[in-house]
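Subject: Structure handover

Hi there,

Here is the structure I said I would pass on to you. Have a look at it first, and then read on for what turned up in it.

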Amino acid sequence: MAATPQNPAASAPRRKVSRHRGEGQWAMGHHTPLNGNEQFKKDDDGLNVRTRIETIYSKRGFDSIDPNDLRGRMRWWGLYTQRKPGIDGGKTAILEPEELDDKYFMLRVRIDGGRLTTRQLRVIGEISQEFARGSADVTDRQNIQLHWIRIEDVPEIWQRLEAVGLSTTEACGDTPRVVIGSPVAGIAEDEIIDGSWAIDEINKRYIGSKEFSNLPRKFKSAISGSPLLDVVHEINDIAFVGVDHPEHGPGFDLWVGGGLSTNPKIGVRLGAWVPLDEVPDVWAGVIGIFRDYGYRRLRTRARLKFLVADWGAEKFRQILEDEYLKRKLVDGPAPAEPLQRWRDHVGVHRQQDGNFYVGFAPRVGRVDGATLAKIADLAEAHGSGRVRTTVEQKMIVLDVTEDQVESLVEALEALDLTARPSSFRRGTMACTGIEYCKLAIVETKQRGSTLIDELERRLPEFDEPLTININGCPNACARIQVADIGLKGQLVLNDAGEQVEGFQVHLGGALGLEAGFGRKVRGLKVTSEELPDYVERVLRRFQAERADGERFAAWAARAGEEALS
């Protein structure tokens, strides 16, 4: 047929038609695995690997572990291979996984709501000393991580943890991870509502169940009734935030789709009020949407935040109500902004019952097994059987009588666990870094500790709330985009033209008060060696230029690039 104005396609070359595979959404009928991760999950549920660990790998040793278990399914039980010592950051993205793997593991102990008894804390400390070379880090998701774990010792460690009610179940992997919660739930005088029951009920019903053990990626949850908004709800896949409904009373405002990493997104409100007894069902509905509609084709787009961004809040809520809950949710109010910047509960605070809780600051979350045991001893000696971890890498001793408070504070100070920290000690966090992490490019923990000392020496009078978050790679485990000063580890050039460890700088990020992501100044990178000089310089400019009462984040947003360099 000849081409005509009415039929221009007749002369056009044929375009090859390719079959669109979709995004791997189960609800759309796309069940064929589209990448290796989806394949190994289809081949065998990650929860099943425990039997092989107990009966085969722990008896035959590291070299007997199937690669899909080693770098895949073992995460369902809180186990990651750690970085082989001596591999510099320049090789992180070059070497194959088997070249980066050490024959030791990081083991993540799941601590939902940050709630621990002193007996549980002591057992973790004992495990650390006996099996983990004394290592222990409090994470920014309320867990405790141990290193140098041998596969041969894992069954014994599980037995000891489970004997005191702890576990590593689904602490990692494409699963519902730890449910973070207010560390002073049921305790704080100003609490709107106690979400502890909901955290327990979610664990009882769903954690370790195959109903949600194959998700597109990890799923992060938060539940808090504190007016301090103390669980970084804005950057979780799902968050329940305490609010007081004018007609129905205390309950929770529902947020979905938050997350950081290389594509950060602030979560969105669905405008729904959820009573306490409905929280587990609503949680199951949201995670069900993620399981069924989540994008499984590309790992880089497999978090819930991408689905929420594409659908929007209105459609997401409609699908949740119509397909999963089979009922409408009640409209509700947004949470009020917190009245203070610090949300870590550090210091001495009165409880509902008239006793006190004492929050204290380890250095960038780094403790050790012997120190954990001493904290348990101190808590018990001062009348407490309960401790808590926070999402700011801090810890709390509960139930201290007034006459014991000062004694406990002094005893903690003697362990370098201050309840009266400087702004720098209080506000500095760091991820695991190159010491153990296979994704890291730079060292973080010691760098953070050294930075604290330098800033305390150079700026002893600085007392403004300030967060400095140090990350060893772009994945933002230490929440760099929402810190006043966020430091993303990378290799940079020094004045001699040599490639050295350093950081890209983010300035003015925040959560709670005017939540938003930090500003990147074009070309602004600092070497690790120059870091104390740089931070001191910027903070002195902030002190000189700030308006009365102005926060660092607000100043950084308006300051000229020269002031931030």
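This is a predicted model: local features need pLDDT of at least 70, side-chain atom pairs count only at pLDDT 80 or more; totals for chains, interfaces and linings use all residues.

Searching the whole structure gives one cavity of 30 Å³ or more. The volume of this largest cavity is about 270 Å³. It is lined by 19 residues, and those closest to its centre are Arg 341, Arg 343, Glu 392, Thr 467 and Val 482. Sorted by class, the lining comprises eight charged, seven nonpolar and four polar residues.

Strand S3 (residues 115-117) supplies the largest share of the lining, with three residues.

**Nonpolar cores**

As a general point, nonpolar side chains tend to be buried together in soluble globular proteins. Here the largest nonpolar core has 54 residues, and Ile 124 and Ile 144 touch the most other members. What does Ile 144 contact, leaving aside its neighbours within four places in sequence? The list includes Leu 107, Val 109, Ile 111, Leu 116, Leu 121 and Ile 124, and it also has Arg 108, Asp 137 and Leu 372.

**Helix H7**

Ala 198 is also one of the buried residues of helix H7 (residues 196-206), together with Ser 196, Ile 199, Glu 201, Ile 202 and Tyr 206. The cover over the buried residues of H7 includes S3, strand S6 (176-181), strand S7 (219-224) and helix H8 (279-293). After H7 comes Gly 208, which has a positive phi, near 90°.

**The six-stranded sheet**

S6 and S7 also belong to an open sheet of six strands, in the order S6-S7-S8-S9-S10-S11, with mixed pairing. Which strands stand at its edges? They are S6 and strand S11 (330-331); each has a single partner strand, so one side of each is left without a neighbour in the sheet.

Going across from S6, the pairings are these:

- S6 and S7 run parallel, joined by four bridges; Pro 176 has Phe 219 in S7 as its bridge partner.
- S7 and S8 are parallel as well, again over four bridges, and Ser 224 is partnered by Val 241 in S8.
- S8 and strand S9 (residues 249-256) are antiparallel, over eight bridges, with Gly 242 opposite Phe 252 in S9.

The link from S8 to S9 is a hairpin through three residues. Strand S8 (residues 238-245) is largely enclosed by the rest of the structure, because seven of its eight residues are buried.

Strand S19 (residues 485-493) is another mostly covered strand, with seven of its nine residues buried. How does S19 pair with strand S18 (residues 468-471), in the parallel or the antiparallel sense? The two are parallel, over four bridges, and Asn 471 has Lys 488 in S19 as its bridge partner. With strand S20 (residues 499-507), S19 pairs in the antiparallel sense over nine bridges. Ile 485 stands opposite Leu 507 in S20. S19 and S20 form a hairpin with five residues between them, and Gly 497 in the turn has a positive phi of about 80°.

Lastly, Ala 547 sits in the loop between helix H15 (531-545) and helix H16 (552-558). Is Ala 547 buried, partly exposed or exposed? Its relative accessibility is 38%, so Ala 547 counts as partly exposed. From His 506, Ala 547 is 41 residues away in sequence and 21 Å away in space, C-alpha to C-alpha.

Happy to talk any of this over once you have had a look.

Best wishes

Key
Residues are numbered from 1 along each chain as its sequence is written. Side-chain values use heavy atoms; hydrogens and water are left out. On a 1 Å grid over the protein atoms alone, a cavity is a set of points where a 1.4 Å probe fits but cannot get out, and a pocket is an open set with protein on both sides within 12 Å along at least five of seven lines; lining residues have an atom within 4 Å of a point. Grid points are joined across faces, edges and corners, and a volume is the space filled by probe spheres set on the points. Ala, Val, Leu, Ile, Met, Phe, Trp, Tyr, Cys and Pro count as nonpolar, Asp, Glu, Lys and Arg as charged, and the others, Gly among them, as polar. A nonpolar core is a set of buried Ala, Val, Leu, Ile, Met, Phe, Trp, Tyr and Cys residues joined through side-chain atoms within 4.5 Å. Buried means under 20% relative accessible area, exposed over 50%, partly exposed in between (1.4 Å probe, protein chains only). Contact means heavy atoms within 4.5 Å. Two strands pair if DSSP finds at least two bridges between them.
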